[in-house]
Amino acid sequence: MTRKFAEPKLLFATHNAGKLEEMSALLTPLGIKVVGAAELKLPEPEETETTFVGNARIKAHAASKATGLVALSDDSGIEVDGLNGAPGVYTADWAETPSGRDFTMAMTRTWRELEAVNAPFPRSARFCSTLVMAWPDGHDEVFAGKVDGQVVWPMRGTLGHGYDPMFVPNGYDITFAEMDPAEKNRISHRADAFAKLMQVFEP
């Protein structure tokens with residue numbers, strides 16, 4: 001039985017302004033005020049787990065304990081079958097540089113490593129998103145979403161972010177970065193997880 005959310009305010013445990021905006025747009029029509037971790041000056045906890053759900057749990061529970069609010073967190077990334085599921089939870093790490101994240105570098109590394117192991121085509125992959133909602137009493141609910149597809153080269157498109165320029169979802173012949181953002185948001189891994197999350201807000 002899913003525990004229902006019955007508070008006027010939800011803490012979204014993210015320092016990413018884009019993700020916060022996305023969540024606010026989703027929940028404001030339901031009469032829920034969404035606040036971000038940065039607004040409450042919360043530190044970013046160290047993500048020490050090796051799974052999306054593990055890292056999402058760390059972030060949600062840390063934020064909930066620190067504030068006494070119900071907290072939602074998201075951990076997401078891309079799994080490439082030819083690389084045994086890498087970069088997976090380390091998707092953002094592959095893009096880290098001393099001056100910020102460089103996803104062109106990360107995508108180039110991904111393709112280079114696929115070429116090095118002579119991975120067969122199509123080079124199947126999936127974007128994964130795991131949402132965890134945590135209550136101050138330690139209870140949590142988990143909602144996992146994904147979208148399957150393949151990675152392609154060279155990169156195509158200028159819309160989207162992260163690995164979008166090299167990911168073609170199943171049933172399409174264009175990358176996420178070539179797709180109308182509204183269409184991408186309708187079929188994305190995050191949309192899948194959000195749709196499952198909605199059950200906690202239903203009366």
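A residue counts as buried under 20% relative accessible area, as exposed over 50%, and as partly exposed in between (1.4 Å probe, protein chains only). By this rule His-189 is buried, because its relative accessibility is 6%. The model is predicted: local features need pLDDT of at least 70, side-chain atom pairs count only at pLDDT 80 or more, and totals for chains, interfaces and linings use all residues. Residues are numbered from 1 along each chain as its sequence is written, and side-chain values use heavy atoms, with hydrogens and water left out.

His-189 lies in helix H6, residues 189–197. Helices (H or I, at least four residues) and strands (E, at least two) are DSSP runs, numbered from the N terminus. Contact means heavy atoms within 4.5 Å. Leaving aside neighbours within four places in sequence, His-189 is in contact with Ser-76, Phe-127, Cys-128, Ser-129, Gly-145, Lys-146 and Val-147. Pro-43 is 146 residues from His-189 in sequence and 26 Å from it in space, C-alpha to C-alpha.

The sheet comes next. Two strands pair if DSSP finds at least two bridges between them. An open sheet is formed by 6 strands, in the order S2-S1-S3-S6-S7-S8, with mixed pairing. Its edge strands are S2 (33–36) and S8, each of which pairs on one side only. Neighbouring strands of this sheet are turned by 35° against each other on average, direction ignored. Axes are lines fitted to C-alpha atoms, for helices over the stretch in contact, and angles run from 0 to 180 degrees between N-to-C directions. Helix H1 (residues 17–27) packs on the sheet and touches S1 (9–12), S2 and S3 (71–80). The direction of H1 makes about 170° with that of S2. Helix H4 (residues 103–116) lies across S3, S6 and S7 and runs at about 130° to S6.

Strands S6 (residues 123–134) and S7 (residues 140–151) pair in the antiparallel sense over 12 bridges. Ala-125 stands opposite Gly-149 in S7. Leu-131 stands opposite Phe-143 in S7. The hairpin of S6 and S7 has 5 residues between the strands, and Gly-138 takes a positive phi near 95° there. S7 also pairs with S8 (residues 167–169) in the antiparallel sense, over 3 bridges. Phe-167 in S8 is the bridge partner of Val-151.

Charged pairs were then examined. A salt bridge is a side-chain nitrogen of Lys or Arg within 4 Å of a carboxyl oxygen of Asp or Glu. The count comes to 17 salt bridges. In one of them, Arg-3 meets Asp-137, with the closest N and O atoms 3.1 Å apart. Arg-3 lies in the segment before S1 and Asp-137 in the loop between S6 and S7, so the pair ties together parts 134 residues apart in sequence. Arg-3 is partly exposed, at a relative accessible area of 29%. Asp-137 is exposed, at 55%.

A second pair joins Arg-190 and Asp-74 (3.6 Å, N to O). Arg-190 is buried, at 10% relative accessibility. Asp-74 is buried too, at 5%. Lys-196 is partly exposed at 35%, and Asp-192 is partly exposed at 26%. A network of salt bridges links Glu-79, Asp-81, Arg-126, Lys-146 and Asp-148.

A nonpolar core is a set of buried Ala, Val, Leu, Ile, Met, Phe, Trp, Tyr and Cys residues joined through side-chain atoms within 4.5 Å. The largest core has 20 residues, of which Ile-78, Val-151 and Tyr-163 touch the most other members. S3, H4, S6 and S7 each supply at least two residues of this core. H4 gives the most, with 4 residues. Not counting residues up to four places away in sequence, Ile-78 touches residues including Ala-125, Phe-127, Val-151, Tyr-163 and Phe-167. A second, separate core of 18 residues includes Leu-27, Ile-32, Trp-135 and Ala-193.
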